[in-house]
Amino acid sequence: MSKVHFVGAGPGDVELITLKGYKQLSEADVVIYAGSLVNPDLLNYCKEGAEIHDSASMHLMEIIDVMEAGVKAGKDVVRLQTGDFSIYGSIREQIEEMKKRDIEFDCTPGVSSFLGAASSIGAEYTVPEVSQSLIITRMAGRTPVPDRESLKSYAQHRTSMAIFLSVQGIEKVVSELIEGGYPPETPVAVIYKATWPDEKKVFGDLTNIAEKVKEAKIRKTALILVGDFLGQEFYYSKLYHADFQHEFRRGKSSHAK
């Protein structure tokens with residue numbers, strides 16, 4: 001039976017789509033892609049004759065109409081969304097409307113940009129004894145954020161943070177983070193279009209990152225990474241320590257006995 005496949009396109013690099021996502025995209029009869037965010041080179045994977053729609057100029061019901069028409073015509077439909085659609089992907093509203101129309105669907109996850117950004121700079125969000133948690137959030141804009149989820153409230157934890165959709169208000173971001181509890185010297189990285197060919201990386205701390213971002217002319221499509229995981233302090237994990245034992249490996253000291 002024909003259905004809609006939600007596919008995470010990955011953060012930008014066309015090779016970072018999953019193998020399953022690539023297969024669904026290459027076999028699709030109808031593709032609806034987020035043109036303002038998805039790398040258009042991914043469309044090179046589409047088969048000849050595929051019907052392609054750029055959703056950047058479409059409202060929700062137009063998108064659902066295209067999905068419904070495709071499925072009713074016996075076609076496989078791919079909804080190609082940036083990164084992984086489970087984070088700021090507006091997937092819920094699409095699924096609710098599809099349920100109302102009894103449109104079958106499935107979901108194939110993608111590599112989120114917060115993962116692509118960390119890989120691009122060779123960073124680990126969960127450094128032993130430095131940070132073992134990651135907060136994924138955004139600053140309030142046209143889409144409101146609950147007061148209990150403000151940057152200021154999260155900053156009190158001083159853990160690793162990946163901030164989406166907020167670089168246009170970098171000064172306010174910095175102000176809230178410092179007011180909430182991050183020391184001014186906390187390291188920050190801003191990654192513009194992580195994994196894309198025109199990626200930019202800006203490094204600093206909360207005292208100077210806003211100025212550096214302005215100098216780099218970064219105004220959108222960037223992630224703000226904050227936390228001591230970006231700093232010089234680190235500790236080796238217990239997992240690979242010679243004396244650490246677990247189900248699959250005996251510690252070095254127990255071999256010596």
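Guide: In this predicted model, helices are DSSP runs of type H or I with at least four residues, and strands are runs of type E with at least two.

Visitor: What makes up residues 3-209, in helix and strand?

Guide: By that definition the span is 28% helix and 21% strand, and its end C-alpha atoms lie 46 Å apart. An unreviewed UniProt entry lists these residues as "domain: Tetrapyrrole methylase", an annotation that may be inferred rather than shown by experiment.

Visitor: Which residues does the domain assignment give to domain 1 and to domain 2?

Guide: The assignment places residues 4-111 in domain 1 and residues 114-230 in domain 2, and the centres of the two, taken over C-alpha atoms, are separated by 28 Å.

Visitor: How many residues of domain 1 and of domain 2 take part in the contact?

Guide: Contact requires heavy atoms within 4.5 Å, and eleven residues from domain 1 and eleven residues from domain 2 take part.

Visitor: What is the area buried between domain 1 and domain 2?

Guide: Buried area is the accessible area that two parts lose on being put together, summed over both, and here it is about 790 Å², with 73% given by carbon and sulfur atoms. Of the area that domain 1 buries against domain 2, Pro11, Ile87 and Tyr88 supply 58%, more than any other three residues.

Visitor: How many salt bridges does the rule find across the interface of domain 1 and domain 2?

Guide: The rule asks for a side-chain nitrogen of Lys or Arg within 4 Å of a carboxyl oxygen of Asp or Glu, and across this interface it finds zero salt bridges, whereas five residue pairs are in polar contact.

Definitions and conventions. Residues are numbered from 1 along each chain as its sequence is written. This is a predicted model: local features need pLDDT of at least 70, side-chain atom pairs count only at pLDDT 80 or more; totals for chains, interfaces and linings use all residues. Side-chain values use heavy atoms; hydrogens and water are left out. Domain bounds come from an automatic or database domain assignment. Buried area is the accessible area (1.4 Å probe) that two parts lose on being put together, summed over both. A polar contact is a pair of N or O atoms within 3.5 Å; within protein, one must be able to donate a hydrogen and the other to accept it, and residues adjacent in sequence count only if both atoms are side-chain atoms.
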